[in-house]
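Thanks, everyone, for making the time this morning.

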Amino acid sequence: MIETIIIIIIFLVYIAMKYVKILRPYEKGVVERLGKYNRTVSSGIVVLIPFLENLERVDLREQVVDVPPQEVITKDNTVVVVDCVIFYEVVDPFNATYNVVNFYQAITKLAQTNLRNIIGDLELDQTLTSREMINAELREVLDEATDKWGSKVVRVEIQKIEPPKDIVEAMSKQMKAERMKRASILEAEGYKQSEIKKSEGDKQASILEAEGKAESIKKMAEAEKQALILKAEGESMAIEKVYAAIHEGNPDDGIIAIKYLEALEKIADGKASKIFLPFESSGVLSSVAGIAELFKEDKKE
């Protein structure tokens, strides 16, 4: 009796472990009954009919396929080694289960074939500089092809595009020569700009110097002009005052004669050995003689 109970318990445990399934949140299940598709179940507890139903788990998380490196010939007959990484996710568990036997192998071969087609239409330089275009075009082709497999290709990333060593060395030399050329051009352009700036600076300095000299000459001329004007005005005022003083003093011939003698003294004070007197001076000299007689009379008295 006890043995029978133990056997029943073991059988029930086996049934429970075999036909009671728990699906994780990122899983879905495809249930077959007697070898035919019956239903698709979501995450949680799934109870199957013993001996009649079977459950196939499908992972809905994003997965990665690493495509092995392969040699590809470019349009200009250069052999390059290319590999890529494919990110995909299952969107239809039914198609993913029944429409493809080995998804990993299928998508790997599909990616390798399309890589050869895409890169075969590009030259080497385009291949090395068109990673984004290759990624986008390959993703589009793979996504369309895997649609019937119930999967969606999220993105494709080219990991490596490796040309032959001799091509790499030639490209390195070319890049070095191009950089040296650009450096020489930049250096020459810098020297040119420096000389232009220097010339412009010298030009501006010369202009400023000339303007400064012109302004200085102008100010000196203005100062001399003002000095001459002031001097002329002073002389004019002096002459006017002397003239007024003479007329106010009512001068007679004696004063005029004395002033004339003072003028002659200044004339005779020069270095010239001969002095020319105007003809009109005879009248003045007679006046001087008269003045002398007056002085004599005063002394006698």
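Predicted model: local features only at pLDDT ≥ 70, side-chain atom pairs only at ≥ 80, totals over all residues.

Let me start with glutamate 27, which counts as buried because its relative accessibility is 13%, where buried means under 20% relative accessible area, exposed means over 50%, and partly exposed lies in between, with a 1.4 Å probe and protein chains only. Residues are numbered from 1 along each chain as its sequence is written, and side-chain values use heavy atoms, with hydrogens and water left out.

What does the side chain of glutamate 27 meet in a salt bridge? The partner is arginine 57, at 3.0 Å from N to O, and by salt bridge I mean a side-chain nitrogen of Lys or Arg within 4 Å of a carboxyl oxygen of Asp or Glu. This pair links distant parts of the chain, since arginine 57 sits in strand β5 (residues 53-59) and glutamate 27 in strand β2 (residues 27-33), 30 residues apart; strands here are DSSP runs of E with at least two residues, helices are runs of H or I with at least four, and both are numbered from the N terminus. Arginine 57 itself counts as partly exposed, because its relative accessibility is 40%.

Arginine 139 is partly exposed, as its relative accessibility is 27%.

The side chains of glutamate 209 and lysine 213 meet in a salt bridge at 3.7 Å, N to O, and about one helical turn separates them because they are four residues apart in helix α6 (residues 165-249). Glutamate 209 counts as partly exposed at 47% relative accessibility, whereas lysine 213 is exposed, with a relative accessible area of 51%. Salt bridges that share partners also join Arg33, Arg39 and Glu53 into one network.

Finally, I would point you to glutamate 140, which lies in helix α5 (residues 131-145) and counts as exposed at 52% relative accessibility.
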